[in-house]
Structure formats: structure tokens, C-alpha cells
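Hi everyone, thanks for coming. Please open the viewer on your screens, and let's walk through this one together.

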Amino acid sequence: MRSWVPFVPDSASSMSWKVDAVYFYLSGVTLFFTLLISAILIFFVIRYRRRSPYEIPRPVAGSHKLETLWTVIPFVIAMTIFGWSAKVYFEQYTPPQNAIEIYVVGKQWMWKIQHSTGQREINELHVPVGKKIKLIMTTEDVIHDFFVPAFRMKADVVPGKFTTQWFEATKTGSYHLFCAEYCGMNHSGMIGSVIVMEPREFDNWLSGNAGATTPAAAGQQLFQTLGCASCHGASGEGGRGPTLLGLFGKQTQLVGGQTIRADEPYIRESILNPQTKLVEGFGPIMPTFQGQVSEDQLVQLVAYIKSLQGTNQQQSAAPGPAASGTPAHAVPGPSPR
């Protein structure tokens, strides 16, 4: 289905109509005052034109009522725009807790995508209709921008940090994916598609691409290779370094009394710059892994730490740990200092 408004893309997500409502409200206010002011100008030009070369117009005194009116009305309109836009903004940039996580890495000039179950894609993203999807994005080189017009979703992907964005597709079909930030010579070719499928079709697509190593399982292997278990314990239980078991999403006490939530950016920073935010009770003994791990490997390490949910919970990404015979809750992972 095409949009009923010319030059406006399809509306195919749960947020798109909310963004459109703000946009059309702004457009309506702009059009209304443009026509009103133009009509008043034309009226004044005709009504108060000079009718003879020596005509002296009658002085006009100011009106406090009129000045108050044209101050209050624009202020009220501006506040409605601000309040409405802020509500939509915070809703759009606050991912829901139950969203399906998908990892995206931008690179000149392609989008590399990996599902939490291990399936990989290049310049294509398959998702089920009616499911909330959270994208965790980063880039290997320059700034890119993940833009899906039909979802009214657009977010910069910046070197050295994670960007998160979410959407819920409401219609099946194939929708354009663009890089909306000039990123080099072949920027115009950095395009792709978001393919929205019925849940059963999506499950069939996943099963047809099974066998890939999940990000969490790859992160476990990398964790062991880098020797992280020597400080954080083979089961993420801590030791010379802080415990990783159940760390993600929890408040962490830092040296100096500051408290920080252990989210994706914090874990990433802890791997690359471990001296920046030291955990209370631990010294600055962790080496930096800056330049030793790629963006893909950072994604895997973060996914692995997120999978360490505690002894009474099941790990969601299972292939790697299950194959090694290690209990799902006891899989080691990298860590914030």
C-alpha cells in the first residue's frame, strides 16, 4: 500500500503515524499562518493604500490587547509542538524491555546485520510483523545513518559508541533502507531492504538459516581466548575483577561514589578504556583492549555478558555453551573493570 499523500513514504510501523501526526500538525500551523498573514497583507495594501500624493494617514495608537493576543497564541502553539514532539521523541528512543535484539555494524559501504540467534545478513534485515525490534548499532569506520523512511526511523551510527533504536513493523513487505549520512565515495550505494514477514514465515526463514554461531557463543569463545576468565572467573563469578554474572542492566557502584547502569555503552567502554570508570573495591589492573578487538568482536563480547543472567535463569543464546558442556548460566564473558 502506498501513502495517500504524494511524496510521503508508506506508514508501516507503530511509531510512523505518531511522527506523521506531529509533521502534519506543524505543516498545518505553518500553512494556516502563511495564508492568514498573506491575506492580511493583501487587505492592508488595498485598504490603506495612499490615494493622493499629499495624503497624511491618521496616527494609529498601540493596542495592548492585540499585542497580548499575538504573544500568547504563538506561545501556546509553540508549547503544544514542544510537548507533543518531546513525547514522541522519548517514546521512539526508549526501547521496550521485551524487544528482540539485532546487532548492526556499518561499514563503507554496507550494513552487516546479525540476529541474536546467529543468522547474518548483508544489506537486508528480516523481521516478523507485530514484534518489537531493538537495533544495537555501531560502525567500523566513519559516521553512517540507519534510515528506514517507512518506519520513520533514523539514527546516526557513530564510531566508538553504540546507538540503539527500535521499531515495530505493522505491515508485511519490503521497505527501503538507506545510509542518510554522507560516508564517502560510494555513499549512494549503501542501501538495502527491511523485509517484514508473517511470524510463521519468519520462523521458517530463521530455521532455514540455522547453524550459525550466536553472538553470545562467539563472545564466550573470545572471552576465553583473551584470557578474561583469569580475573573475572570461568563462570563470571568475579575474583580479581568484578563479577559479570547478572551484571547487565544493574546499577554498579564506582570509585568515588558514582553509580552507573551497566548497559551496552558502559560494557563497551569498560573493554576499551577500563580505567575510565573503576568499580568500587577493584584496582586499575585491567589492560585496555583498544585496537585488539574489532567492532564485530565488541558486539559479541557485549552479547555474551548480557547472556550471563544468574544461576536461576536460562541463557537465551545457547549453541556455544551447550556444545561445550558448560551450564548456560555459568558461561564466562568479558567484563567491565
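This is a predicted model: local features need pLDDT of at least 70, side-chain atom pairs count only at pLDDT 80 or more; totals for chains, interfaces and linings use all residues.

Now find helix α1, residues 16-47. Which of its residues are buried? They are S16, K18, D20, V22 and V29. Part of what covers them is α2, residues 64-92. As for the form of α1, its 32 residues reach 46 Å from the first C-alpha to the last, and that is close to the 46 Å expected at 1.5 Å a residue.

Stay with these two helices for a moment, and look for the second largest pocket. Its volume is about 400 Å³. Which elements give two or more residues to the lining of this pocket? The answer is α1 and α2. The largest share, 7 residues, comes from α1. If you'd like some names to click on, the lining residues include F32, F33, L36 and F44, as well as L66, W70 and P74.

Next, the strands. Please go to β5, residues 132-139. Is this strand mostly covered or mostly open? It is mostly covered, with 7 of its 8 residues buried. Let's see how β5 pairs. Strand β1, residues 100-107, runs parallel to β5, and 7 bridges join them.

Now for some details of the backbone. As background, most residues other than glycine have a negative phi, and most peptide bonds are trans. Where is the cis peptide bond here? It joins Q108 and W109, with omega at about 0°. You'll find W109 in the loop between β1 and β2.

N123 has a phi near 60°, and its place is in the loop between β3 and β4. R152 has a phi of about 55°, and R152 sits in the loop between β6 and β7. Is R152 buried or exposed? It counts as buried because its relative accessibility is 13%, under the 20% cut-off.

Compare that with S116, in the loop between β2 and β3. S116 is partly exposed because its relative accessible area is 31%, which lies between the two cut-offs. The C-alpha of S116 is 7.5 Å from that of Y103, and the two residues are 13 apart along the chain.

Last topic: cysteines. How many disulfides are there? The count comes to 0. C179 is in no disulfide, and the nearest cysteine sulfur, that of C183, is 3.8 Å away. For a disulfide the two sulfur atoms would have to be within 2.5 Å. C179 is buried, at 6% relative accessible area. C228 is in no disulfide either, with the nearest cysteine sulfur, that of C231, at 8.5 Å. C228 is buried too, at 9%.

That's my tour, so please send me your questions!

Notes: Residues are numbered from 1 along each chain as its sequence is written. Side-chain values use heavy atoms; hydrogens and water are left out. Buried means under 20% relative accessible area, exposed over 50%, partly exposed in between (1.4 Å probe, protein chains only). Helices (H or I, at least four residues) and strands (E, at least two) are DSSP runs, numbered from the N terminus. Two strands pair if DSSP finds at least two bridges between them. The expected span of a helix is 1.5 Å times one less than its number of residues. Contact means heavy atoms within 4.5 Å. On a 1 Å grid over the protein atoms alone, a cavity is a set of points where a 1.4 Å probe fits but cannot get out, and a pocket is an open set with protein on both sides within 12 Å along at least five of seven lines; lining residues have an atom within 4 Å of a point. Grid points are joined across faces, edges and corners, and a volume is the space filled by probe spheres set on the points.
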